[in-house]
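Look over the sequence and the model first, then read the points by topic.

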Amino acid sequence: MKFTKDHEWVKIEDNVATVGISQYAADALGELVYVELPEISAAYNKGDAFAVVESSKSASDVYLPISGEVLEVNENLNSEPELINNSSYENGWIAKVKVVDDSSLEDMMGEAAYQKYLEELS
Amino acid sequence: MKQTALNNAHKQQKAKMVEFAGYEMPIQYPLGMLKEHEWVRNGNVGIFDVSHMGQFIVEGENCAEFLSKITPSNFIISKEYLAKYTVLTNEKGGIIDDLIITKINQNKFFIVLNAACKEKDIKWIQSQIPQNIEFEELTEKSLIAIQGQDSENILSQLINENISDLPYMNLQICTLKSNKSQIFVSRVGYTGEDGFEVSIANNDAEKFWLDLSNFNEIEPIGLGARDSLRLEMGYPLYGHDLSDETSPIEAGLSWVVSKTNDNFIGCNHIIPQKANGCDKKRLGVKLLDRGVAREGFNVIKDNKTIGKLTSGGFSPTLKTSIGQGYFKTTEAKIGDEVFVEVRNRQIKAEITSPTFLQAKTKTAKK
């Protein structure tokens, strides 16, 4: 699993990237009440805002860490947006994306590096 | 940023602090905004630090006449200890602030007004006040709200007096069990639940807050949940749903304009509006599809923008997003189907009364 400085995580298997946001990000946002999911087959470049997560107080963009095309979205988030808070890395996944360009993975942090990054933030 | 006397207590209770009206205030505690909202709404009791609001005493002969000039209410004939919700009006019939004024006696009144308007209100009142009347800010007092079904039972355990006969919108002078200090207990609130606002000396505030916090039924509640609770009730928030440009009639506060006050600042605009109606009105908006409506979002009907939301958010009770806005009476009425523009989507919604839930305050004694 790799992490971005904006607290997205990505797991790649067979050229399909599963993307979500970290527990840290979910905790900072508070209990989510709505998730705006991307359209299936929409294409994005690395760094594009592809989803929006909303809490009672605010809406935040989620950025795609790699370039690709959306294959699947987590429909459960429509009725249970709080899955992102309760299971940020498992049931709270946001979308599965066909990877077109994953060169950005090299610049991302592994789990240990991300933990260290979080310590530096606080 | 200014701090209230409860600043340490909030930090001890791990509140997330934000700036509000120049004060460092808790927006939420670890329970989180949604669960804090549900705590109060669903039968438990919440405590809120609202000490950032302005508390004042107005005292002197003909005080009641003065207050009946700067508001559309009649304080001359009002009963002692009645807490009146009212508005300060400007010459154009707009609202300077909404506030609560309680008669202690014919020549002495207790005022609580919005933190964000404090400086503006002080300046305005001082510019209008007759020389013989004193206007004093109670800077050494804190204000704590206790809201929820069982709040009377809990508050009773910390004071010497019996408050079971205290009617809604009334004040009773009480004393703390802990040290007999005098407090003002007003059966008022901003949540729609039975509850009280307690005006208490800064020196007593922290212990009182911690004593309340010790009850299992009590949770501290932040400004985030305070806002979603009032939004469900349709209560307006000054600076969002009320402004210098809105008249009390447009705001749906026509009941605040006394039938027996025909001479107050702005009356030549407001009294005809009360008699003949006005061309715009504050209404509610409820989303019928998923999404969150927020302040500033456009409301569309028949492909035309008919207004903007002045308040918006998520209602944990209704499990959908709700808001308030002003609409021309010719363009929108309750029941109309509209759309709310959220980013690049148009979400189906309907126009409703701004009062989404029935207040439980009327079930308080008498």
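How many helices and strands does chain B have? Chain B has 8 helices and 19 strands. The model is predicted.

**Overall build of chain B**

- The radius of gyration of chain B is 20 Å, close to the 21 Å that the globule rule gives for 366 residues, so chain B is as compact as a globular protein of that length.
- The C-alpha trace of chain B spans about 65 × 50 × 40 Å along its principal axes.
- Of the 366 residues in chain B, 48% are buried.

- Chain B is divided into domain 1, residues 1–277, and domain 2, residues 279–352.
- The C-alpha centres of domain 1 and domain 2 of chain B are 28 Å apart.
- The contact draws 16 residues from domain 1 of chain B and 15 residues from domain 2 of chain B.
- On the domain 1 side, α2 (33–41) and α7 (223–233) of chain B each supply at least two of the touching residues.
- By class, that side of domain 1 of chain B has 5 nonpolar, 5 polar and 6 charged residues.
- Helix α7(B) lies across β16 (304–315) and β17 (320–328) of chain B. Its direction is at about 125 degrees to β16(B).

**The barrel**

- In chain B, 6 strands close into a barrel. Their order is β14-β17-β16-β15-β18-β19, and the pairing is antiparallel.
- From one strand to the next, the twist averages 40 degrees.
- Within this order, β18 (residues 337–342) and β19 (residues 345–352) of chain B run antiparallel and are joined by 6 bridges.
- In that pair, V338(B) stands opposite A349(B) in β19(B).

- Strand β5 (residues 83–89) of chain B is mostly covered, with 6 of its 7 residues buried.
- β5(B) runs antiparallel to β6 (residues 95–105) of chain B, and 7 bridges join the two.
- V87(B) has D98(B) in β6(B) standing opposite.
- The hairpin of β5(B) and β6(B) has 5 residues between the strands. There, G93(B) takes a positive phi near 85 degrees.

**Strand β4 and its partners**

- β4 (residues 54–59) of chain B pairs with β7 (residues 108–113) of chain B in the antiparallel sense, over 6 bridges.
- In β7(B), F109(B) stands opposite V58(B).
- β4(B) also pairs with β8 (residues 134–137) of chain B, again in the antiparallel sense, over 4 bridges.
- E134(B) in β8(B) stands opposite E59(B).

**Contact between the chains**

- The contact takes 9 residues from chain A and 11 residues from chain B.
- The side of chain A that touches chain B has 3 nonpolar, 3 polar and 3 charged residues.

How values were computed
Residues are numbered from 1 along each chain as its sequence is written. Chains are lettered from A and ligands numbered from 1 in the order in which they are written. This is a predicted model: local features need pLDDT of at least 70, side-chain atom pairs count only at pLDDT 80 or more; totals for chains, interfaces and linings use all residues. Domain bounds come from an automatic or database domain assignment. Two residues are in contact if their C-beta atoms, placed from the backbone, lie within 7 Å. Ala, Val, Leu, Ile, Met, Phe, Trp, Tyr, Cys and Pro count as nonpolar, Asp, Glu, Lys and Arg as charged, and the others, Gly among them, as polar. The radius of gyration is taken over C-alpha atoms; the globule rule is 2.2 Å times the number of residues to the power 0.38. A residue is buried if 20 or more other C-beta atoms lie within 10 Å of its own, exposed if 12 or fewer, and partly exposed in between; C-beta atoms are placed from the backbone. Two strands pair if DSSP finds at least two bridges between them. Axes are lines fitted to C-alpha atoms, for helices over the stretch in contact, and angles run from 0 to 180 degrees between N-to-C directions.
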